[in-house]
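Here is a short report for a first look. Keep the sequence and the structure side by side as you read.

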Amino acid sequence: MKNNTIKNINTIDELAKFADYSFLNTLVCDPLANQDGQNHNPREVFNGHYVPVTPTAIKDPIYITHSKTFFKELGFADSLAKNEEFIKMFSGDTSNIKKPLKNIGWATGYALSIYGTEYYMQCPFQTGNGYGDGRAISILEAVINNKRWEFQLKGAGRTPYCRGADGRAVLRSSIREFLAQEHMYALGIPTSRSLSLYTSKTETVTRPWFNENSYSRDPERMIEENVAISTRVAPSFIRVGQLELFGRRARKKEHPKALEELEQLVLHAIKREYQDEIDENSSIEEKVILLALKFRERLTSLVSNWIRVGYCQGNFNSDNTAVGGFTLDFGPFGFIDIFDPEYQPWTGGGLHFSFFNQPEAARKNFNSFCSALMPLLESNQNALDNLAGIRSGFAKEMNEKMEKMWTSKLGLKKYDEKLFNELMHLMLKSETDYTMFFRELSSIPKDISSLEISFYRKINDKELQNRWNKWLETWKSKLSVSSEDLKTVNPKYTLKEWFLVEAYEKANNGDYSLILELQEIMTKPYLEQSKQVEEKYYLKKPSNYFGVAGISHITCSS
Ligand SMILES: Nc1ncnc2c1ncn2[C@@H]1O[C@H](COP(=O)(O)OP(=O)(O)OP(=O)(O)O)[C@@H](O)[C@H]1O
Ligand SMILES: [Mg+2]
């Protein structure tokens with residue numbers, strides 16, 4: 001292996017030394033693609049794992065921010081984010097890139113299942129063959145400090161999977177995703193990472209949006225929005241939906257190489273995401289079974305952690321579920337404010353993707369994942385039975401992870417159903433801010449008066465007060481950890497949508513200060529931080545924000 005442990009990457013030329021595109025040799029390129037990557041028109045892609053496509057640069061890119069933490073991990077000098085060549089590359093202009101870097105990126109196709117139901121009609125051809133990365137283009141794989149990373153531009157222009165859309169991402173959603181990724185990482189939850197964020201003031205796109213202070217669930221008008229390109233980084237961007245695309249083709253024997261392409265993709269996913277856990281020398285059946293087991297472990301753990309920190313993915317389709325078991329696509333996500341098991345930040349998402357239904361939605365995605373693997377085990381009944389067992393064991397493992405999570409969130413020795421159920425009941429009755437409540441509880445208060453700061457309504461009701469005090473007493477008698485321990489699992493700050501609204505507005509006027517402020521605060525979510533920070537961000541949602549479109553709920557690509 002070449003030496004890839006340099007600590008300070010200052011230029012694109014230095015970064016280039018870490019580039020490694022060797023995967024292109026083990027995966028199949030769409031045989032009908034223009035090799036120059038210049039065809040950006042929507043079309044059906046029938047086989048192959050990726051389509052070469054060049055990014056379309058945003059006009060006059062402006063630096064907004066980069067992840068200092070992640071730059072450090074990668075050994076990138078901070079100054080690199082403002083380096084002219086770096087800005088060019090990560091705002092989509094690869095025209096002058098020098099070898100060994102490639103000026104052609106790649107986009108991948110994927111299938112879609114919503115809550116376990118297969119869809120084909122979501123692409124213009126109604127076959128599913130035109131669905132995939134419509135605006136996400138990967139441009140680099142690099143091995144740095146012995147870790148392999150894929151760098152993907154989001155909003156980098158049209159790809160064959162764009163379905164007639166513009167391939168752009170607006171500034172608003174790019175800010176949200178950029179901040180949320182690093183926030184999620186700081187919360188200790190696996191996620192794709194943010195590298196950089198650049199915008200354009202001279203290029204806009206038209207998007208549906210709401211009137212000011214509107215309560216509408218549906219967008220009411222079209223607005224012009226600045227475009228942006230954010231770069232996200234992960235060991236791979238393979239989604240459950242992507243395995244499904246190849247699984248479906250193999251199942252239906254759509255072409256002679258369908259099964260082989262599925263196997264190649266699965267082996268690629270294992271290499272990128274599970275290399276340390278799955279022995280390269282075992283048989284394909286053994287690998288597939290272990291992959292299912294390991295993915296089940298990661299997915300159940302991921303979802304229980306989302307619930308721990310009050311995160312609702314909002315659009316938890318199979319194409320937004322990373323095979324690596326990390327958080328992917330912060331489209332219409334939301335961090336909950338007032339506790340509601342049915343909380344759902346996305347106007348287009350139903351109850352099936354709501355806050356407390358995420359374990360069930362994950363199970364549906366896991367079913368889709370297992371179905372995609374089945375063609376690889378077809379000749380081996382024993383392996384198929386094993387897979388079926390892993391599949392049907394999802395609910396049990398999910399349940400165990402949830403109980404384990406609640407046990408640690410409440411600092412108990414073992415899960416206590418009665419205590420938990422009573423708490424849920426009381427929280428709902430008292431209209432409780434989820435984050436603030438658990439943080440206040442982490443101070444192990446004497447009585448409920450110290451918890452009142454987290455209630456949206458005044459608790460005058462004597463019976464409710466008594467029930468709270470009784471619950472608190474029982475909880476304390478069972479508590480087995482310190483206040484400090486509790487504060488490591490119950491964050492003080494989470495990235496709520498209403499914090500972001502002002503950041504978007506300022507950013508639209510070229511003022512990025514609030515983005516930087518939020519980035520600073522939300523990358524230390526468990527720390528108390530200063531009095532000023534507390535006064536500004538340790539707050540219940542103001543009542544005038546409830547139900548307001550663009551704050552309490554959002555559309556998909558906004
Ligand atoms: N403006 C756009 N132009 C082209 N394709 C788009 C656009 N917006 C969304 N898409 C595509 O529509 C599909 C569904 O959108 P969704 O909001 O789940 O994903 P996304 O936020 O764009 O991307 P990702 O899942 O890569 O984070 C995705 O395949 C996405 O690439
Ligand atoms: Mg998506």
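Which side chains meet in a salt bridge at 3.8 Å, N to O? They are those of Lys-98 and Asp-13.

## A link between distant parts

This is a predicted model. The Lys-98 and Asp-13 pair links distant parts of the chain, 85 residues apart. Lys-98 lies in the loop between helix 3 and strand 3. Asp-13 lies in helix 1, residues 12–16.

Lys-98 is partly exposed, at 46% relative accessibility. Asp-13 is also partly exposed, at 42%.

## Salt bridges around strand 9

A search of the whole structure finds 38 salt bridges. One joins Glu-203 and Arg-168 at 2.9 Å, N to O. Glu-203 sits in strand 9 and Arg-168 in the loop between strand 7 and strand 8, so the bridge ties together parts 35 residues apart in sequence. Both residues, Glu-203 and Arg-168, are buried.

Another salt bridge pairs Arg-193 with Glu-182, at 2.9 Å, N to O. Arg-193 belongs to strand 9 and Glu-182 to helix 4, 11 residues apart. Arg-193 is buried at 3% relative accessible area. Glu-182 is buried at 2%.

## The listed binding site

An unreviewed UniProt entry lists Asn-320 and Asp-329 under "binding site". Asn-320 lies in the loop between strand 11 and strand 12. Asp-329 lies in the loop between strand 11 and strand 12.

Are they buried or exposed? Asn-320 is buried, with a relative accessible area of 6%. Asp-329 counts as buried at 14%. Asn-320 touches several residues, including Arg-239, Gln-313 and Asp-329. Among the contacts of Asp-329 are Lys-154, Glu-177, Arg-232 and Gln-313.

Notes
Residues are numbered from 1 along each chain as its sequence is written. Chains are lettered from A and ligands numbered from 1 in the order in which they are written. This is a predicted model: local features need pLDDT of at least 70, side-chain atom pairs count only at pLDDT 80 or more; totals for chains, interfaces and linings use all residues. Side-chain values use heavy atoms; hydrogens and water are left out. UniProt positions are given in the numbering used here, feature names are shortened, and annotations may be inferred rather than shown by experiment. Helices (H or I, at least four residues) and strands (E, at least two) are DSSP runs, numbered from the N terminus. Buried means under 20% relative accessible area, exposed over 50%, partly exposed in between (1.4 Å probe, protein chains only). Contact means heavy atoms within 4.5 Å. A salt bridge is a side-chain nitrogen of Lys or Arg within 4 Å of a carboxyl oxygen of Asp or Glu. Lists of a residue's contacts leave out its neighbours within four places in sequence.
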